[in-house]
Amino acid sequence: MKTTSNLLSLVILAGGMGSRYNGQKQIDPIGPNGESLMEYAIFDAMEVGIMHFVFIINQQFENETRKYFQKIIELKGGSAEFVLQTTYTSVPRNYFDDIIDRKKPWGTAHALLVAKNHLLNNFIVINADDFYSKNSFQKAVTLNSEGKIAANQYGIVTYLLENTLSDNGSVSRGICKIEKGILYDVVERTNIFRYEDKIIFEDENISGVIDNNTSVSMNFWILNPSIFRFLEDKFDLFMKSYANDQKKEFFLPQVINQLIQENKVEVSASISTDQWFGMTYPGDKDLVKEEIYSKIKQGSYPKKLWY
């Protein structure tokens, strides 16, 4: 494992169950040679010098798949680690009886927590089923090289809301309040969609219009290992309240926002104007394929990523 302080690792959250997608979207073939979407993130990360990768996976992530990712990363001189997220991982034993019937993972903050012992230097966190662009990784490297990622000092690359919608259904996005390059607030909106020429959100007790150019979180964080002591404390509080809840999840944006409001951390923000795309619904797959093929034609990626 590379542990030099000025190097970044990449944590890929690949343990979600994909309930809306109806399948293992993390490894669904997208590229012309069967490449999955997260392989393009790995490629982009390597292009800006990131060579240590930590995959948070579920039990459906087969050994052959692990071997494949390890092979392509080691082929380029990098290293890969795989951490299994289960409903019992990193959960205190006194809660085991309460969670015996739980089927779904505990969410993105828990996914990161299980990787605690694999990360000694600053790192980026991304979703496996999102396309972020090489430019976003470069922004993360810049924040890190400027010394803005340190103990209790984190970073985020945000996107413009109009660049993150799906044609196949509503989306959830963290609405960000940013002032002078600092993130001050993240409010999760779980039902955002385009209606005529406006972008609308409709949550349980509130609805409204959101400006197209609103900055939103797509779970692209740049963090320091100091996050883990916060995650442990917050997860303990979470379990005390929700251990018996079969659906409640422990989300990373919510935890970081709590820390911001408690004045425990500062988060530097860098705004990307790139087009995001991802695999939320089955109908998204064809569009994602078209986007990737278009980028190959433009020369952004080779037709064969690895061989």
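Which residue with a positive phi follows α6? Select Asn263: this residue comes after helix α6, and its phi is positive, near 60°. The model is a predicted one, and the values given here are computed from it.

**The whole chain**

Display the entire chain as a cartoon. Its secondary structure consists of seven helices and 13 strands. The radius of gyration is 19 Å, close to the 19 Å that the globule rule gives for 307 residues, so the chain is as compact as a globular protein of that length. Along the principal axes, the C-alpha atoms occupy a box of roughly 50 × 50 × 40 Å.

The chain exposes about 14200 Å², of which carbon and sulfur atoms contribute 45%. Of the 307 residues, 53% are buried. Among contacts with a separation of 6 or more, 75% are between residues 24 or more positions apart.

**Helix α6**

Return to the cartoon and select residues 252-261, which form helix α6. Seven of its 10 residues are buried, so α6 is largely enclosed by the rest of the structure. Show the side chains of Leu252, Pro253, Val255, Ile256, Asn257, Leu259 and Ile260, which are the buried residues of this helix.

What covers the buried residues of α6? The cover includes helices α3 (108-113) and α5, together with strands β4 (123-127), β8 (182-195), β11 (215-223) and β12 (266-272).

Two packed helices are described by the angle between their axes and the distance between the axes.

On the α5 side they belong to Ile227, Phe230, Leu231 and Lys234; on the α6 side, to Leu252, Val255, Ile256, Gln258 and Leu259. The residues of this contact divide into seven nonpolar, one polar and one charged.

**Asp284 in helix α7**

Finally, select residues 284-298, helix α7, and centre the view on Asp284 within this helix. Is Asp284 buried or exposed? Buried means under 20% relative accessible area; with a relative accessibility of 3%, Asp284 therefore counts as buried.

Definitions and conventions: Residues are numbered from 1 along each chain as its sequence is written. This is a predicted model: local features need pLDDT of at least 70, side-chain atom pairs count only at pLDDT 80 or more; totals for chains, interfaces and linings use all residues. Side-chain values use heavy atoms; hydrogens and water are left out. Axes are lines fitted to C-alpha atoms, for helices over the stretch in contact, and angles run from 0 to 180 degrees between N-to-C directions. Helices (H or I, at least four residues) and strands (E, at least two) are DSSP runs, numbered from the N terminus. Contact means heavy atoms within 4.5 Å. Ala, Val, Leu, Ile, Met, Phe, Trp, Tyr, Cys and Pro count as nonpolar, Asp, Glu, Lys and Arg as charged, and the others, Gly among them, as polar. Buried means under 20% relative accessible area, exposed over 50%, partly exposed in between (1.4 Å probe, protein chains only). The radius of gyration is taken over C-alpha atoms; the globule rule is 2.2 Å times the number of residues to the power 0.38. Accessible areas come from the Shrake-Rupley method with a 1.4 Å probe; for residues, only the protein chains shown count as cover.
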